[in-house]
Every structure is written in structure tokens, then in C-alpha cells.
Amino acid sequence: MTANSPSAAAHASAHKLFSLGRAAAIAGNTLRDLVRQKVFYFMLVFALVLIGMSLVLAALSFQGQLQMVMNMSLGAMSVFTMLLAVLASAMMLPKDIEDRTLYTILAKPVSRFEYLLGKLAGVALMLLIATLLMTVFFCIVLWFWQGREIASIRGSVQSELVDAEVAKVMAGTFTPTLFGGIGVIFLRAVVCSALTLMVSSFATSWLFTVIISLMLILIGHIVPIARSAWMDPIQAGVDVPWYLSLFLRLITVFAPDMQLFNIVDDIAVGTHVASGIFGQVTALGCGYITIYVLVAYLFFAWREL
Amino acid sequence: MSTPAISIQNLTKEFIPPSVMRRGAITAVRDLSLKVEAGHVYGLLGPNGSGKSTTMKVVLGLVTPTSGKTFIFGKNSRDVESREAVGFLPENPYFYKFLTGEETVHFYGKLCGIRGKMLRDRTRELLALVGLEDAANRRVGGYSKGMLQRIGLAQALVQDPRLLVLDEPTAGVDPAGSREICDLILQFKARGLTVLLCSHLLSQVQEICDRIGIMHRGGLVREGPLDHLITIENQTEMVLENASPELLAELRAKIAAGGARLAGEGKPQQNLERYFLDVTSEAKKSDQ
């Protein structure tokens, strides 16, 4: 029975300040909770969007349809993963506080950092599964359109040029750059999730969290402009009063530079992106995630529950 | 002398409403000092808003004290390590409703570093202890209030803690469920577990606790062993069975002659809870 159970002695080893096992338990639980909330039904909407888009394109007939499919699919994937990241992350903390589930978790030997990290890892896992599912569906659609493009080449191009044209289409469809771009989409979604988690660490409702996070993500698209106007207003050709300068600084510091991830747009139109650029984007994305988690922890560590 | 299970030293907790500066602060707990010795069942009583729950939260490290310190078995409550020895059941708990009862206990077990066969055995043992074996594979979202309290008790016990902190463990539970929870606490007491209990059900507190503290407006107004606090020292109670009217008359005369005063006399009544449980269990038997 309780007092005589061998478990007490077995796990009464020295307490670790940080335990990957505890963070992993929270991550696994978060993932299971999200899966059972039928979050992947979202994927059905994505599939319907791709099918609908394909049907519309099939009805029209023009050159470069394959490129169009790639462009629109990556765009849809970006929007869906970002929305999924913000909505899933915004609910976690306020709901656990409201239901007092957080009390029972933090009354165990779990640090607030482990809790936050576990929650983020759970959402990141869910986003990874969602991105993989979307990628599979995207590849099927792309494969179908590649076939159509090849058939159209065989029907219209002179026979001596067919092989070269077909080889060009084949080499330009399922490229490493394309899959690198999908990786960037996933990374951007995790950055959005970390940002939302940071907002929810001081917010009191999930609605506030969603609104502020989406606003920061939108504002993030003008970070490079804000940065140049703040740092070098003369070159940017603007006269910046002090209050606007302060605002631009705040944007530059707190909003993620979403333009950074826009290499996906270049990939979608078939531009080759060097692996060094992927490395830089990954490093900066990971930097954003680290900063947001640390700031979230600073807020959450002092939060009264 | 052994280390107390809980030691609260000059604890003060002020909450500052977000829109008001410090002078608008609300003092929830004021200079509270208290010790709960290991192996005791301690009842923390008081009206709503007296500071009981805030005190519990500070002890569990969920809230930071404005001043003062709290310790669990000698470890500062602010250290996560202090919670190795604690199981906590909050008032009206909700758990992840998409998890089953078994998965819930598993989850909390993993948080305490228990894994594998040990965790499976422990989960089975605890679900049996709280009477939820049959509902182990049902989702917690479909549990009744009493079942939620019981699964809450199971998760609180998962790492075999030395201290249990229970905030209104029988709130909203029917009399039979409430009796079962009381019996479980009495079992823990018999095994030497320390329990800090917060409850408005004074009859249960009286039955279970060794020692109580009564809080009012953030301070402790009475504290001590329950028997000492509620015993009326200058009165004696005798319950007679099959006493004849002649014997009673004789006793009354002797009492008057001895210089004592007969303060009260009457037929004792059985406890309403006991009566209710007897009636409902009889009804259950006849249904079967």
C-alpha cells in the first residue's frame, strides 16, 4: 500500500534542477491532448483547399500551372501551420490555470521552465506531424501536376526536345530546396508558437493572447523596414520623431523578423536557395525560439497562480 | 527533535490589484507562524477569504510570499525539490479531460520520475485504493465530481509522498463518496502520513484531525490539539444504557447532594451521516 510501496525509495534520488524526462512527459501529454482534441481535422481543410485549387487550375489552361500549384500549396501550408501554432499555443497556459490543472502539475517536483519547455515541445511535435501530413498531401498533388505537365510537353514540344524538357520539369519539381522550404515553414510555425507562449505567460485570456500574437506576427513582416528606419533614417529617407523611433525600436526588439522566412516565397517560384541561407535562417529561427522561451520563463516564474 | 513536515515563519502575503499601486494592496495572510509535525493530520479552518488557500499555495511554492518563509521537511518551499515529498489535491480539481483515469495517474507519475513497470503497478494500486479500477479506461471528462476528487487523490499519492495537502477534498461530493474519502484520510493517518487539510465540513475535521488552526482575516486566531481546544474541562459526560427511571432519579439526587449541577440530560442521537449511509446501503442491497 501507499506507505509501504517500494516506489518511494526507488525514485527518491537526488532532485535534478532540469529533467528532460519531466519536460518530455509534459510534451507527450500536450501532444496527446491536442491530437484528441481533433486538431488534425484542420488537415482536412488543407486537403480541401489543395483539391479545390487543383480543380480551379484544371478548369483553366495556361502555362506554368505546376509552378502555380507549388506556389499556392506552400502559401497554404505557411498559413495553416502558423494558424495552428498560434491557436494551439494560446489555449495551453490560460486553460491550465483556469482548470487548476497547473496547480497539480507545479505541486509536483516540476519547475516552471520544464513546464513551458514541455508545452512548447508538445506543440512543436504536433506541428511536425501536421507539416509531414501536409507535405505528403502536397507531394501527391504535385506529382499529379508534374504528370500533367509532362503529358502536355509530350503533346506540344518537338520530339527532339521532349526528353530535355521533361528532364527539366523532373529536376525542378521535387528538389532539396523545396523540402528545405518546407522545413523553413515548420521552423516559422515553431517561432510563432514560442511567441504565442511568451504572450500567454503574462496574458490573462486566450483571446488576448491570440490577438496580440497575430498582431506581432503581422508587424513582424515590417521589421526590416522598421530596423532600417530606426538605425539609418537618412538612408531610409525618413525623418523619424522620437516617439516613432521608440515605436520602431520596440517593433525591432519584440516582433520576429518574419521577412527572414520569406525565402519560402522564392522557393515557391523556383529560385534556388543556397544551403548557407538555410543555415542562417535556422540559426536565427532557433535564436528567436530561445529568446521567447526565456522571456516567457521570466514572466511565468514570477506569476502568481 | 524531528524536522516538522511544514514550518511557516512570519508569513505575510499581499496581493496588489493590477490597476492600483501598493497602497491598495490586499493582505491575504498576515504574519502567520505555524508548524505541522510529521505524522499529524492538521486542519486549517476559517471562513472564506481568511487566507487558508493562499497559505497552502505559498507552502506549495505556487505563490511567492511578500515576507516570511515556508519549509517542507526543512526544505524551502520555493525550491522545486521540496515538492518531492508533497501530494496536493486542489479544491474542485479538473484534469486533462481527454486522458483516461489511468493515463492521468501515469502522467503525474512520470512527472515524479516514475517509469515502466513500477509506474504501471503503482497506477493499478492507486486506482484500486481510490475505487476507480472500473473507470480506469474511461476519459476523465466523463467523471462525476466524486470521481474527479478520487482521481485527484490518486495523482496526489502517486510518488508516495510524506505530506498530503488537501484543499476541500470532499467539496461537492455526495455523503457516501465523502465518507470514502474520509476513510482514506484515516488510513493515511494510520500509516503515519502527514496531512494538511482545509475544509468547511467541521464534523469531518473533528473526526480526522489531531490538531487545528483557525484563521481569520489572514491571521491565526486559535491553534492547538483538537481535544484541548474543544473539551469543556469542567463537565463530564456519561452515556447509560438500560438505566431504569429509579436509577436515574437516584443519580440526580446524588449529583445534587455532591454539589454538582446537572447541565443536560436527554436521549443521544446517532450521527445523520451514519444514518444516511445505513439507509442507502440497505436500499442498494434490496435493489440487488
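Student: Let's start with confidence: what is the mean pLDDT of chain A in this model?

Tutor: Good place to begin, since this is a predicted model. In chain A, 92% of the residues reach a pLDDT of 70 or more. Residues 1–10 of chain A stay under 50, and the model has 16 contacts beyond four places in sequence for them. The mean pLDDT of chain A is 85.

Student: How many helices and how many strands are there in chain A?

Tutor: Follow chain A from the N terminus on, and the elements run α-α-α-α-α-α-α-α-α-α-α-α-α-α. The C-alpha trace of chain A spans about 85 × 65 × 35 Å along its principal axes. The count for chain A is 14 helices and zero strands.

Student: What share of the contacts in chain A between residues at least 6 apart in sequence join residues at least 24 apart?

Tutor: Chain A has 305 residues, of which 37% count as buried. For contacts between residues at least 6 apart in sequence, the share joining residues at least 24 apart is 81%.

Student: Now the contact between the chains: which helix gives the most to the side of chain A that touches chain B?

Tutor: The contact takes 29 residues from chain A and 34 residues from chain B. On the chain A side, α1 (7–11), α2 (20–36) and α5 (101–106) each supply at least two residues. By class, that side has eleven nonpolar, eleven polar and seven charged residues. With six residues, the helix that gives the most is α2(A).

Student: How do α2(A) and α2(B) run relative to each other, roughly parallel or roughly antiparallel?

Tutor: Helix α2 of chain B covers residues 101–111, and its axis lies 8 Å from that of α2(A). The two helices pack at an angle of about 155°. Angles over 145 degrees count as roughly antiparallel, so α2(A) and α2(B) are roughly antiparallel.

Student: Which residues of α2(B) make that contact?

Tutor: From α2(A) come A:Gly21, A:Arg22, A:Ala25 and A:Asn29. By class, the contact of the two helices has three nonpolar, two polar and two charged residues. On the α2(B) side, the residues are B:Phe107, B:Lys110 and B:Leu111.

Student: What do the buried residues of α2(A) pack against?

Tutor: α2(A) has 17 residues and reaches 24 Å from its first C-alpha to its last, close to the 24 Å expected. Its buried residues include A:Arg22, A:Ala25 and A:Asn29, which also take part in the contact with α2(B). The buried residues of α2(A) pack against α4 (65–98) and α6 (112–156) of chain A, together with α2 of chain B.

Student: Over in chain B, which helix of chain A do the buried residues of α4(B) pack against?

Tutor: α4(B) covers residues 145–157 and reaches 19 Å from its first C-alpha to its last, close to the 18 Å expected. The helix is mostly covered, with ten of its 13 residues buried, among them B:Leu148, B:Ile151 and B:Leu153. Within chain B these buried residues pack against β6 (86–89), α2, α3 (116–129), β7 (163–167) and α5 (175–190), and the chain A partner is α5.

Technical notes
Residues are numbered from 1 along each chain as its sequence is written. Chains are lettered from A and ligands numbered from 1 in the order in which they are written. This is a predicted model: local features need pLDDT of at least 70, side-chain atom pairs count only at pLDDT 80 or more; totals for chains, interfaces and linings use all residues. Two residues are in contact if their C-beta atoms, placed from the backbone, lie within 7 Å. Helices (H or I, at least four residues) and strands (E, at least two) are DSSP runs, numbered from the N terminus. Ala, Val, Leu, Ile, Met, Phe, Trp, Tyr, Cys and Pro count as nonpolar, Asp, Glu, Lys and Arg as charged, and the others, Gly among them, as polar. Axes are lines fitted to C-alpha atoms, for helices over the stretch in contact, and angles run from 0 to 180 degrees between N-to-C directions. Angles under 35 degrees count as roughly parallel, over 145 as roughly antiparallel, 65 to 115 as roughly perpendicular and the rest as oblique. pLDDT is the predictor's confidence in each residue, from 0 to 100. The expected span of a helix is 1.5 Å times one less than its number of residues. A residue is buried if 20 or more other C-beta atoms lie within 10 Å of its own, exposed if 12 or fewer, and partly exposed in between; C-beta atoms are placed from the backbone.
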